[in-house]
Amino acid sequence: MSQKHQKQSYQPLPTAAAAMDNPAMTQSSSSSGGSNENVANIPPTYSSQQLMPSDSDSMEEERQLRPTGTAANLGAGLGLPTVPTRLSAVGRSQWFTVSVLCFVNLINYMDRFTIAGVLKDVQNDFQIGNDSAGLLQTVFVISYMVCAPVFGYLGDRYSRPWIMSVGVALWCTTTLLGSYMESFGWFITFRALVGIGEASYSTIAPTIISDLFVDHMRSKMLAMFYFAIPVGSGMGYIVGSKTAHLANNWRWALRVTPILGVAAVLLIMLIKDPERGQSEGSHSMEATSYKKDIKELLKNRSFMLSTAGFTCVAFVAGALSWWGPSFIYLGMKMQPGNENIVQDDISYKFGIVAMVAGLIGVPMGSVLAQRLRSRMENCDPYICAGGLLVSAPMVFAALVVSRTSGSLCFFFVFLAQVALNLCWSIVADILLYVVVPTRRSTAEAFQILISHALGDAGSPYLVGAMSEVIMKHLRKHPDASGLTNELQSMSQVLEAQLVNATEVATIVASEAIHSLQTNLTKSVDKLAEQFTELEQFEGLQYALFSTSFVEVLGGIFFLFTACFILKDKYKAAQSVADAQDQHQQRGNQIA
């Protein structure tokens, strides 16, 4: 291929910039009699934009994008595998890699939410209140997010399977050792160390998938990878609660995932590390400095706004997954005839709901994105925004009806989680097609740092601390209690809330810090003596209402993302094309 032709093939379509970003339009132009030379020949970094398998023209286009001459000989000598365009074309090695990554992601989230399934038992054993119980998840996420940029930097430059193996081994070891700690201080310390190991895996695994697949195949594989998050979380509740019940000791619940983790380490070591950018024909791209990577990411508006929206998703998911079973347990226990209900049963049902919602929501988000992209090129952020805006009222409804109807509560929780799960694979897809291949691990790490720092790192503790403060307020002001009954009359709701809103906000702000300092050693027995079940229930209820407002905020961030995503997607694709063009020129000079 001549340099002149190569230069022309990267020029935008003369009709509209939108056609540049939509391969369906380019294929349409090609099939209607136009020449391939008039179509923008951009490497497929937009992840899942094609809805149909590649035809002969698109296959020829892909071959043209591969280096020729000396560069082609180098690629052939390295034995770079063919990029599959349909499920039937996926090789055994690629299936093995994806299967292992999905398995590790599954047990990763099982371990993360096992404690949530036995949270009341943990509180009873260590004699801690809601704030300290929320702190268990917070310290884990803090260490997770702090270490993520380090592993992101290493993942862009060194062997990814070895980095993941070491990290998963560390995670398994610290989880197992933590289960034997009798002191809450040591237990929470080992819980923080678990986050270091999990950070090594979560930042790197999606980038391996992006280097094996492109277009709609990448979206399908990412959907498989990310549905392990809600399914694994649900299994964490189930395995945690049932193992603790069978062993009559909650500590055995933490000893299941380390056993599975040993097998995961061995499997990860068998994975082949693909060339970075291999699937897009850009494996010749060189990594830039870490400072430049961060600078470019900060200027990427689609990446930053989608990260802000994903932060809201993480905040809500962290708060609801940690406190959901305990809140529903308190609500259902106050229903007539449920006085002897146990939390193990609630955690089991909550886990089933989370698993089914994940199995439906994550693939649904991916399918919707693939179907709608031919009609609306920037549909991805709109789907995420719609999911959050639908989930918000469902969460509010679940919080309201939990005291009156357990079935309705679980129904609304299911709808809320299905809508929330639409975002998982799509957000990952957005990152992969607006960021160049050599910067993706850093981008994953940066997104993890931001989303967890402002999201689920603080939401479990924040909700727990707010509930403590609100319970104190309700104890001092009994007239402020009874939101569930007040909602039966909208006029009563407005009257009560307008009178007390300023007072409650002032008290929460002034006592939150004091609550952290004074309640770390509060026993559950003292908590039961100080607060009634109704006060504990309404304390968590008021605190969890914050999640609905955060979901609306996240929806707004995704709507703003839609304004810039096409431009940033083209910019990333053009960077890959320029790098390949330079590599082609060097190959011609050597030849």
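## Helix packing and a nonpolar patch

Helices α6 and α14 are roughly antiparallel to each other (angle over 145 degrees). Their axes come within 10 Å and cross at roughly 155°. α6 passes α14 in a left-handed crossing.

This is a predicted model: local features need pLDDT of at least 70, side-chain atom pairs count only at pLDDT 80 or more, and totals for chains, interfaces and linings use all residues. Residues are numbered from 1 along each chain as its sequence is written, and side-chain values use heavy atoms, with hydrogens and water left out.

Two packed helices are described by the angle between their axes and the distance between the axes. Here are two further pairs.

| Pair | Angle | Axis distance |
|---|---|---|
| α6 (residues 92-117) and α9 (residues 160-178) | about 30° | 12 Å |
| α22 (residues 459-476) and α26 (residues 533-544) | about 130° | 8 Å |

The angle makes α6 roughly parallel to α9 (under 35 degrees). The α6 and α9 crossing is left-handed. The crossing of α22 and α26 is right-handed.

The surface also carries a nonpolar patch (residues with over 30% relative accessible area and no salt bridge, nonpolar side chains joined within 5 Å). Its members are Tyr-348, Ile-352, Val-356, Leu-359, Ile-360, Met-364, Leu-368 and Leu-372. Together they have about 590 Å² of accessible area (Shrake-Rupley method, 1.4 Å probe). Leu-359 lies in helix α17 (residues 343-372).

Conventions:
Patches are made of residues with over 30% relative accessible area and no salt bridge: like charges are joined within 9 Å, nonpolar side chains (Val, Leu, Ile, Met, Phe, Trp, Tyr) within 5 Å. A salt bridge is a side-chain nitrogen of Lys or Arg within 4 Å of a carboxyl oxygen of Asp or Glu. Helices (H or I, at least four residues) and strands (E, at least two) are DSSP runs, numbered from the N terminus. Axes are lines fitted to C-alpha atoms, for helices over the stretch in contact, and angles run from 0 to 180 degrees between N-to-C directions. A crossing is left-handed if the near helix is turned anticlockwise from the far one by less than a right angle, and right-handed if clockwise. Angles under 35 degrees count as roughly parallel, over 145 as roughly antiparallel, 65 to 115 as roughly perpendicular and the rest as oblique.
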